[in-house]
Amino acid sequence: MTRREFAQVPAALAAQSAPPPNILFVMPDQWRGMDLGSQGAQVRTPNLDRLAARGVQFDNAVANTPVCSPARASLLTGQYAHSVDMAVNDLPLDDRHPTIAKILAKAGYYTGFVGKWHLHGGPRMPGYVPPERRQGYEFWAASICNHSYFEQVYFRDSPEPIRMPGYESYGWTELAIEFIEKAKLRRQPWFLSLQQGPPHDPYLWPPGFEKSYDPAAIAMRPNWSGGAKIAGAGTIGTRQHIAAYYAAIEALDREVGKLLEKIDSNTLVLFLSDHGDMLGSQNTALKRKPWEESCRVPLIFSGPGIPQGWRTPQPISHIDLVPTMLGFAGQKPTPEMPGCDFSNFIRTRGRSKPKDLPKHSMLMSHSMTEARQFDPWRGLRTTRWKYARFENKPWVLYDLAADPFERTNLIGEARHAKLMAGFDREIETWQRHFNDSWAEQVDWRLRERVQPNARRGV
């Protein structure tokens, strides 16, 4: 941004001592936190590895509610999913909540959304989202929810569907680049949220990466059991699935490289995912689980004023990311946002510790998991411990330092009774403070039977 351009941005931004950064928020769907080359994984992610080397990587980042719509609601509003009535998939996010896009737009940012939305409610389909339901985004190229990666359809500012040629990730990248090029012509900073569909199932091989990984040669995680049988879906998490999953990750890494070539040095890049994927570990599949493969997500910050090559074990979760992005933009979170602003913590390599720096992250699922395999649960994760419980009994306790693959459940060991009692008090206190009930939440299909108007705005 030139001095002349900076002089013409709104007063709220011009009052800052330096030009406010552009913000590129990149979020693929269902990408596990351990699946980065910089984390020692066998999957190839050279562009993200370079991004991590130029910035800060959080090794203990988690999704508070590891499933699509709830995670996306938290990453837009900065609130726990149940606090904005988005505790389960396929519900509509109320237009009245503050969102990062609304706050940044009011502060003078040009805002854009590209990719999978999944906050409109109703059936999963390509679908048109009218401007008044876009939660503060001005530029729009999106689909509500459709994982047909070779037959993707998206919408702009009219209900006319636009067919995307080829593999969807490549198309979303081109649309993101279109936004960046348009933003360069405007005399204001910009905020782009790019939310890719892959590597989410179905596990399809991206064009150009069909032979990237030999299923027979992949080193499986020690807690993998050959895939998991899910009622109605067959076996998920086979070697073939994991090879295609890795190929989708490598393809997405290449797309990240294309984006990095288009931005300038005054751009904050934030890379993370909404949740992970069990892929046969712990003899289960998909998400909504407390195990690392489901709840731990990649998290990299890079950009102006951010130290290079720093990795931190500090706990951080989805609810912290809206306050942190706002902090980098010189804006304050709203009183509804309970998360921590990590911007100064990141700038100072952890020397500046905010008073609300979390010692652990809350984890939860308000619905039964896929195929009704597990009941709703609540839990927490520290740098060392993972604990989760059902309403009426403890479920799992792991010492992550001694047992990073969570193969030994310590729940029945008397020597940990005091530790678990303390965790139970933390969960109970959190539930009271955030008005969290153990009542099971259900998606719109079931909710409509007893609450016909639940699909407001759909």
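## Helix α11

In this predicted model, helix α11 covers residues 417-433, and its 17 residues should span 24 Å at 1.5 Å a residue, which agrees with the 24 Å between its end C-alpha atoms. The expected span is 1.5 Å times one less than the number of residues. Helices (H or I, at least four residues) and strands (E, at least two) are DSSP runs, numbered from the N terminus.

Buried residues (under 20% relative accessible area, 1.4 Å probe, protein chains only) of α11 are Met-420, Gly-422, Phe-423, Asp-424, Ile-427, Trp-430 and Gln-431. Their cover includes β15 (361-365), β16 (377-381), β17 (385-389) and β18 (394-399). After α11 comes Asn-435, with a positive phi near 55°.

Strand β5 (residues 139-143) is mostly covered, with 5 of its 5 residues buried. Phe-139, Ala-141 and Ser-143 point one way from β5, whereas Trp-140 and Ala-142 point the other way. In a regular strand, side chains alternate between the two faces of the sheet.

Strand β4 (residues 110-116) pairs with β5 in the parallel sense over 5 bridges; pairing requires at least two DSSP bridges between two strands. Lys-116 is placed opposite Ser-143 of β5.

## Confidence and conventions

The chain has a mean pLDDT (the predictor's confidence in each residue, from 0 to 100) of 92, and 93% of its residues reach 70 or more. Over residues 445-458 the pLDDT is below 50. Where pLDDT is low, the predicted coordinates should not be read in detail.

Residues are numbered from 1 along each chain as its sequence is written. Local features need pLDDT of at least 70, and side-chain values use heavy atoms, without hydrogens and water.

Definitions and conventions:
This is a predicted model: local features need pLDDT of at least 70, side-chain atom pairs count only at pLDDT 80 or more; totals for chains, interfaces and linings use all residues. Buried means under 20% relative accessible area, exposed over 50%, partly exposed in between (1.4 Å probe, protein chains only). Contact means heavy atoms within 4.5 Å.
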